[in-house]
Amino acid sequence: MDIAKGLHSPLRKFRGGVPADHQKNAADIPLQSIPVPGTVAIALSQSIGAPCSPLVAVGDHVYAGQKIGDSDKTISAPVHASVSGKVIAVGEIVLSNGIKCQGITIESDGKREDCPDISPPVIESLEDFLNAVRESGLVGMGGAGFPTHAKLRSALKSEPAVDTLIINAAECEPYICVDNRECMEYPQNIINGIRALVQWIGFKQVIIGVEDNKPKGLERLLNCLGEECNADMDIKVSSLHSRYPQGAEKMMIYVTTGRIVPIGKLPSDVGCVVMNVETCSVIGRYLRTGRPVISRSITVDGDAIDGPYNLRVPIGTSIQDIIDYCGGFTEPPYKIILGGPMMGLALSDTTAPICKQNNAILAFRQTSISRLVKWDCIRCGRCVEACPMGLVPEKLERYARYRNVEKLKELNVMACMECGSCAFHCPGNRSLVQYMKMGKQLIREEAQKNVN
Ligand code: SF4
Ligand code: SF4
């Protein structure tokens with residue numbers, strides 16, 4: 001197939017953003033599976049939603065893929081054992097963000113023996129499909145962690161009906177390469193996932209958005225689509241301008257469709273569902289195999305690690321086990337980040353387990369991290385120019401410091417997606433994102449007070 005045939009290059013660009021240094025060092029490194037870890041700690045809270053209750057007890061034998069936690073709440077997703085072995089603890093574990101939650105620790109038997117019940121789901125109706133997506137344990141694998149079945153159910157209720165599925169393979173955060181590897185190594189799973197979503201949810205058009213700095217991923221997808229492009233399904237592969245945060249939902253929707261999601265509204269309010277490419281790939285794989293989400297892809301990079309790597313790791317593997325597999329640190333790291341450098345979380349310790357929505361571990365030496373002195377705001381307005389949401393970060397920072405909730409609401413701090421573009425451009429090196437987070441938290445606390 002002529003590669004250019006299915007390719008679509010939108011002329012629209014979103015406002016603001018950052019020309020981030022992409023550093024896609026792992027782009028050409030194939031995904032490899034790490035050896036089965038000695039223990040895994042499966043968090044019972046791995047989604048934005050209700051935590052699961054344990055379905056196993058200490059001493060139980062579990063198989064890989066066996067459901068070990070579930071909830072009857074609408075917004076929740078079950079969790080599954082990622083290795084076979086013995087449950088050695090059910091109790092509190094500490095997640096990478098320092099939050100404590102309930103978890104199940106499994107001592108691996110080293111075999112990673114699959115659960116005998118695993119088989120492809122039988123799908124004869126929309127309800128079967130939604131139940132299958134739920135049973136797979138799928139949550140947004142791009143970092144959002146929202147249960148996918150709940151997102152689809154909510155989209156089905158929207159007025160007007162959703163008509164557009166956008167598969168987000170932009171991967172605009174520097175360093176991270178796992179979505180690109182998914183496009184290069186498992187395009188058929190992605191297309192099978194799209195087929196099922198089109199069949200059962202009824203999307204009229206599908207747009208796969210990939211930044212133009214990932215030509216091999218684009219080419220692989222287009223080759224796999226082959227004659228299917230515009231045959232029985234309207235699928236476009238969209239080559240997007242490489243600019244951070246191209247992969248943010250509202251940016252993706254605007255550049256690929258021209259639709260603008262108003263502040264406070266959801267993508268489904270403008271007829272769109274945006275799904276991360278690995279999330280879509282998991283749907284395709286689950287429908288074919290019945291294997292739930294028990295592992296995920298992680299990029300490991302940074303100059304304090306002898307890498308880079310793209311790894312498949314069982315959910316619940318400790319961050320330290322992954323670093324050890326990569327040969328440890330080349331020198332004591334000054335900063336370790338879970339996720340990308342723009343939106344990731346700096347880690348204070350590496351014992352926390354990998355959850356479904358984590359996609360990178362980066363470790364940097366002191367020499368590569370600038371120790372930036374903070375200066376007073378000089379009202380230069382660069383943060384305003386950089387904000388893709390049209391916010392005024394310098395004012396929001398001030399009102400968060402003054403704890404002025406009314407002003408924070410008036411200036412729409414809740415619309416902030418914490419992308420960090422404002423801080424990136426600030427010549428005063430001000431901690432703008434931290435104040436945006438603080439401002440949002442103040443509004444949540446006030447809302448909670450009013451409920452009580
Ligand atoms: S970019 Fe920094 S210095 Fe400039 S107005 Fe914004 S907060 Fe102030
Ligand atoms: S205010 Fe929020 S959305 Fe705007 S640039 Fe800063 S972090 Fe991004």
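Which residue in strand 7 is the bridge partner of lysine 67? In this predicted model, the partner is histidine 80. The strand that faces strand 7 here is strand 6, made of residues 67-70, and the two pair in the antiparallel sense over two bridges.

This pairing belongs to an open sheet of three strands, which follow the order 4-6-7 with antiparallel pairing. Strand 4 (53-54) and strand 7 (79-80) are the edges of the sheet; each has a single partner strand, so one side of each is left without a neighbour in the sheet.

At the level of domains, the protein is divided into two parts. Domain 1 takes in residues 3-28 and 120-289, while domain 2 covers 382-451. Where the domains touch, domain 1 contributes 10 residues to the contact and domain 2 contributes 12. On the side of domain 1 that touches domain 2, seven residues are nonpolar, two are polar and one is charged.

The next site to look at is ligand 2. There are 15 residues around ligand 2, and those that come nearest are Cys387, Cys416, Cys419, Ser421 and Cys422. Two helices, helix 12 (421-425) and helix 13 (432-451), each supply at least two residues of the shell. Helix 13 gives the largest share, three residues. By residue type, the shell around ligand 2 divides into 12 nonpolar residues, two polar ones and one charged.

Notes. Residues are numbered from 1 along each chain as its sequence is written. Chains are lettered from A and ligands numbered from 1 in the order in which they are written. This is a predicted model: local features need pLDDT of at least 70, side-chain atom pairs count only at pLDDT 80 or more; totals for chains, interfaces and linings use all residues. Two strands pair if DSSP finds at least two bridges between them. Helices (H or I, at least four residues) and strands (E, at least two) are DSSP runs, numbered from the N terminus. Domain bounds come from an automatic or database domain assignment. Two residues are in contact if their C-beta atoms, placed from the backbone, lie within 7 Å. Ala, Val, Leu, Ile, Met, Phe, Trp, Tyr, Cys and Pro count as nonpolar, Asp, Glu, Lys and Arg as charged, and the others, Gly among them, as polar. A residue is near a molecule or strand if its C-beta atom, placed from the backbone, lies within 6 Å of it.
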